[in-house]
Amino acid sequence: MRTFFRLQLAALALIGVGSATGCIDSLEPDVGPLIRESCFDEDSNPDVAVSYSEQIVPLLFETPTAGCLECHAPNAPTPEGYLISGLDVSSYNALRSGGNIAGTSVIIPGQPCESILLQKTAAGPPFGGRMTLNRRPVLSDEQTQLLHDWIVEGAQNN
Ligand code: HEC
């Protein structure tokens, strides 16, 4: 009865029931495809450079858009992102120095798909929650592409 119940749960694609029965080893996550499977380290617009100061800073800072700064700075209004993860997005150097779990893999120049910053904003983050933790809508495709291209181009302080 117990095993039967477990198999039924698995059939409904709920999570984490495989270990006891030993016969179910690949349940798909119900959060959407992992970015690693659909991401390519290629610049979508190689002729135009993304500007950190003009395009990335507004994305990270301004509350009508992503507003990462609202949680990710020592003096943020709600600093839980900084306090828990150590990630401070308030300056270029702070951002590049990374977070407690990802370290400097938060941004790996040239490799946006491997960069935890992008993975954390996508469905299926590698740990913890998907940013922006329901504070605001998840990043739009255009915002994700901007971050992606900026990192592919070397994540420069330009
Ligand atoms: C509502 C507050 C909040 C907002 C807004 C927010 N974060 Fe977070 N962030 C957190 C918290 C809390 C954690 C730690 C828990 C976790 O990893 O889910 C975290 C963790 C992270 C980490 C992991 C760092 C590490 O190495 O541990 C990254 C990267 C990150 N956030 C990026 C972002 C980005 C990019 C944005 C904006 C698109 C953003 N966050 C917006 C609260 C926030």
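Thr-121 is buried, since its relative accessible area is 11% (buried means under 20%, exposed over 50% and partly exposed in between, with a 1.4 Å probe and protein chains only). The model is a predicted one, in which local features need pLDDT of at least 70 and side-chain atom pairs count only at pLDDT 80 or more, while totals for chains, interfaces and linings use all residues. Residues are numbered from 1 along each chain as its sequence is written, and side-chain values use heavy atoms, with hydrogens and water left out.

**Thr-121**
- Thr-121 is found in helix H7, helices being DSSP runs of H or I with at least four residues, numbered from the N terminus.
- The side chain of Thr-121 reaches the backbone oxygen of Leu-118 at 2.9 Å.

**Iron site**
- His-72, through NE2, and Met-131, through SD, coordinate the iron atom of the ligand at 2.0 to 2.2 Å, where donors are N, O and S atoms within 2.8 Å of the metal (3.2 Å for Na, K and Ca).
- His-72 lies in the loop between helix H4 (52-61) and helix H5 (80-85), whereas Met-131 lies in the loop between helix H7 (116-121) and helix H8 (141-152), so that the pair, 59 residues apart, links distant parts of the chain.
- Both His-72 and Met-131 are buried.

Definitions and conventions: Helices (H or I, at least four residues) and strands (E, at least two) are DSSP runs, numbered from the N terminus. A polar contact is a pair of N or O atoms within 3.5 Å; within protein, one must be able to donate a hydrogen and the other to accept it, and residues adjacent in sequence count only if both atoms are side-chain atoms.
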